[in-house]
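Please open the model in your viewer and keep the selection tool at hand. The stops below move from one selection to the next, and each says what can be found there.

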Amino acid sequence: MIEPKNVPLWDALPSVPGYPHGTAWSVWGPNDQLGALNMLTPSIVLSGLAEARTGERYQLDWSMDKPLLPGRRRTMDHKVICSDGPQWWGCDDEIHINTQSSSQWDGFKHCATKEGVLYGGFKLEEVRSGKETMRNGTHHWVEAGGLAGRGVLLDWARWRTLTGQSLPAAFTDHNVPVSELTAVAKYQGTELRPGDVLFVRFGFTQWYDGASDTERKWAFRENGGKWLGVEAGEETKRWIWDHHFAAVVADNPAFEQCGPGLGAGDGLHHWLLPLAGIPIGEMFYLEKLAQACERQKKWSFFFTSAPLNIPGGVASTPNAIAVL
């Protein structure tokens with residue numbers, strides 16, 4: 001574990017020979033499996049607990065059968081199995097899911113650099129060949145106690161609306177610069193602290209729940225993979241790193257903007273996961289939480305998440321709760 005105050009700023013990050021600036025492997029130490037989650041120290045967790053004032057709680061997992069058209073990933077299969085005796089009366093159920101088809105944590109096996117390198121210098125080929133199955137698995141997060149600490153919500157969709165700006169459609173390639181995220185924090189009066197888990201609401205799940213099946217199908221299958229999100233680039237990397245967030249989360253499919261215009265390996269995924277070691281949460285359900293934050297005029301909360309304990313896991317449902 002590393003207290004956030006001891007983590008170097010972007011300009012002071014030590015270089016890793018052969019890799020771009022912003023590669024943080026040496027910060028977290030050799031053979032590390034937690035990345036920025038190392039900053040969830042007991043003191044950070046306790047400061048997060050202090051954010052719980054009213055006891056209102058909100059689970060942040062979207063329904064596991066959404067979205068119904070998740071692109072290349074399969075939708076959940078759910079089967080209820082019942083018995084009417086003679087020795088047992090009742091039901092079991094079975095599910096078959098892709099762990100990234102709905103609300104999810106992207107683990108460190110999920111995304112490699114375009115050279116095929118995963119977090120810590122681990123080679124993608126070692127996973128593909130079956131030579132290494134446990135390294136970078138999400139079970140290491142479980143063994144560390146899961147995720148717990150202070151969460152902060154930047155309700156970008158609300159800010160756009162209340163400041164008289166248009167709200168771009170969820171399925172556009174609109175870039176959100178970090179200057180706007182800073183403006184949202186100022187508008188809300190929300191302090192961003194080292195060790196926070198950052199949440200950004202773009203309004204994706206709200207759009208989905210109000211869209212027709214035809215609109216959903218077009219957005220997922222025919223729009224060229226465009227989704228609005230945080231702008232990729234060094235300014236964004238510096239902003240995320242220098243705030244020392246333990247993880248970043250959004251209600252959209254990728255956190256960053258997706259679509260044409262990004263070169264192969266240039267998205268934030270290719271820095272956050274393999275080089276910086278910062279977990280990404282996607283398609284979290286933030287609507288009820290956002291409404292509660294609006295009522296209380298408070299956008300910080302205690303956050304906890306218990307990833308699935310799957311040895312060698314690539315990703316996980318978040319099983320996440322915010323307590324205001």
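**Aromatic pairs**

By the rule used here, the count comes to 23 aromatic pairs, where rings of Phe, Tyr and Trp (its six-membered ring) pair if their centres lie within 6.5 Å, with planes under 30 degrees apart counted as stacked, over 60 as edge-to-face and the rest as tilted. Select phenylalanine 204 and tryptophan 227, which form an edge-to-face pair with 5.3 Å from centre to centre and 85 degrees between the planes. This pair links distant parts of the chain, 23 residues apart, with phenylalanine 204 in helix α7 (residues 204-210) and tryptophan 227 in the loop between α8 (213-221) and β8 (229-230); helices (H or I, at least four residues) and strands (E, at least two) are DSSP runs, numbered from the N terminus. This is a predicted model, in which local features need pLDDT of at least 70 and side-chain atom pairs count only at pLDDT 80 or more, while totals for chains, interfaces and linings use all residues. Residues are numbered from 1 along each chain as its sequence is written, and side-chain values use heavy atoms, with hydrogens and water left out.

Next, select tyrosine 208 and phenylalanine 220, whose ring centres are 6.4 Å apart and whose planes lie at 85 degrees, so this pair is edge-to-face. Tyrosine 208 belongs to helix α7 and phenylalanine 220 to helix α8, so the pair ties together parts that are 12 residues apart in sequence.

**Strand β7**

Move on to strand β7 (residues 197-200), where both faces are covered: Val197 and Phe199 on one side, and Leu198 and Val200 on the other, are all buried. Strand β5 (residues 147-154) runs parallel to β7 and is joined to it by four bridges, and two strands pair if DSSP finds at least two bridges between them. Strand β9 (residues 247-250) also pairs with β7 in the parallel sense, over four bridges, and alanine 247 in β9 is the bridge partner of valine 197.

**Aspartate 196**

Finally, select aspartate 196, which is found in the loop between α6 (178-188) and β7. Aspartate 196 is buried, with a relative accessible area of 1%.

Terms used: Buried means under 20% relative accessible area, exposed over 50%, partly exposed in between (1.4 Å probe, protein chains only).
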